[in-house]
Number of protein chains: 2
Amino acid sequence: MIVACAQYAVRDGDPETNLQRSARAIREATDGGADLVVLPELANSGCDFYSREQALRLAEEVGETGENAGPTLRAWREVAKESGVFVIGGFLEREGASLFNSAAVIGPGLFRRYRKTHLWAREKLLYEAGRDLPVFDTPLGKIGVLICYDAWFPEAARTLALRGADLLCVPANAPDDWVPEAQRRGGLTILNVHAVSHANANRLFVACANRVGDDYLGRSCIVDPTGGVLAFGSEAEEEVLKAEIDVERSRREKRLVEHSHAFGDRNDDAYRVF
Amino acid sequence: MIVACAQYAVRDGDPETNLQRSARAIREATDGGADLVVLPELANSGCDFYSREQALRLAEEVGETGENAGPTLRAWREVAKESGVFVIGGFLEREGASLFNSAAVIGPGLFRRYRKTHLWAREKLLYEAGRDLPVFDTPLGKIGVLICYDAWFPEAARTLALRGADLLCVPANAPDDWVPEAQRRGGLTILNVHAVSHANANRLFVACANRVGDDYLGRSCIVDPTGGVLAFGSEAEEEVLKAEIDVERSRREKRLVEHSHAFGDRNDDAYRVF
């Protein structure tokens, strides 16, 4: 399968423009043969709102069946149905008076949603946090989702891995991470480093799509179960990264060498019970 | 305080030579003003033994009080007493008929030991695994120890951090990590990546000392709580890396920005109970 990460500029507070941009990115990915495409965090709305009321207006409902979902989700479902692609894209979600920083997991016959579990800073004043770390069983493999700051928590990646995830998809709006350029190696952001660390520790694939423009850092990445960086985005350019992956490797390569296994070598008794 | 990581060649099965080399490395570190020096894994013995009997002969006892400890441990204690330096060094430990891959934590008035909790591959056939992840309270700060493959387990780093560690010291004998050079960014090994990930996720300092020579990868590193790489070793040269650090940062910088805290933002209910 071919995994793509679409790195592009999201326009805060302009859902029509953002829908065009996500549709264009998905099309570019599918034209390149992608079976699955990861979009940035909050790809319908951006993340900078002048009021809660504005955020509530921009937010989309998922609806019980998805039939009455918001315009972005319906558009992504339409393209999934037409082209067969799977879309993992961040979106601003509303349920009644509550807001969530969510990601859609949409494919032919699949319409699910994950809610960000670790809210960053003032996000706590706007959103309610998700409480679950689900793994989505798809024909392409088992998919876990982490949204941006979620990836700073190794327990979250481990939990998804232990639940069987083959691929972690990470929609992100990661800005500056405050590491001085001289102390950063190979251009890797902290999000990249966590992606490589999670991929290697859990022996699975990780695909991060980060926003560019404004203060966002780009440098989207696709990482394999050894921690090898298969694709790496620039800091500022819009681009669709792609890598061909064999998700079966995430299962086969849990065994590292004879007598070593990424999960079997864990030492439960020694860990603090979280 | 100044932290040093001594990266040098350890000679398998030759404890006299290794004792000279560790003493020279410690002296170079203290001459450079180091308050604490990390040595590689199994710095008394190396790690390649032709028989269990040989390993038992090479191994050192700690002894009840340390008075009757093995020659390497006594030498490190002597230098700690004379110069005031703290030494965190890997050593092959024997207790009765049991072998452990251990690290000494030695300073003026301090003589403790940590036993590797995650054994790599055929190490399981030789050593018994440690069951605890202790934090050592020293005048320099609270020190946690991970030995090489231990650092592949984010739960272990997190456990030490939650127990108050300011600094993780990582004696290592890390060889090739099977990442193709083209997929490795900035020369970072997987051990380096985990070090940066642990440092940032847990907002603490990490100091890794890796062996060089034979098939060992070197690239020792000292990382600060943002994930900035303060010092980075070469692939093959013997060298003593140094960095001046303020361990108080590990406590202050748990708070990231207003409303965000590295530990407070954890979401226990969502994690699988490990």
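How many bridges join strand S1 of chain B to S14(B)? The legends below start there and treat a predicted model.

**View 1. Strand S1 meets strand S14 in chain B.**
Strand S1 covers residues 2-7 of chain B. Six bridges tie S1 to S14(B), and the two strands run antiparallel. One bridge can be picked out by its residues: Ala6(B) has Val240(B) of S14(B) as its partner. Strands of a sheet pair through backbone hydrogen bonds, either parallel or antiparallel.

**View 2. An open sheet of six strands in chain B.**
The strands follow the order S5-S4-S3-S2-S1-S14. Their pairing is mixed. Strand S5 (110-115) and strand S14 (239-244) of chain B are the edges, and each pairs on one side only. On average, neighbouring strands of this sheet are turned by 30 degrees against each other, direction ignored.

**View 3. The axis that relates chain B to chain A.**
Gly186(B) comes closest to the rotation axis of the residues of chain B, its C-alpha at 1.8 Å.

**View 4. The side of chain B that touches chain A.**
Here 54 residues of chain B are in contact with 54 residues of chain A. Helix H5 (154-162), helix H6 (190-202) and strand S13 (229-232) of chain B each supply at least two residues of this side. H6(B) gives the largest share, seven residues. By type, the residues of this side divide into 25 nonpolar, 15 polar and 14 charged. Both copies use the same surface: 100% of the contact residues of chain B recur in chain A.

Conventions. Residues numbered from 1 in each chain as written. Chains lettered and ligands numbered in written order. Predicted model: local features only at pLDDT ≥ 70, side-chain atom pairs only at ≥ 80, totals over all residues. Pairing = 2+ DSSP bridges. Helix = DSSP H or I, 4+ residues; strand = E, 2+ residues; numbered from the N terminus. Axes fitted to C-alpha atoms, helices over the stretch in contact; angles between N-to-C directions. Least-squares fit on C-alpha atoms with pLDDT ≥ 70 in both. Contact = placed C-beta atoms within 7 Å. Nonpolar A, V, L, I, M, F, W, Y, C, P; charged D, E, K, R; others polar.
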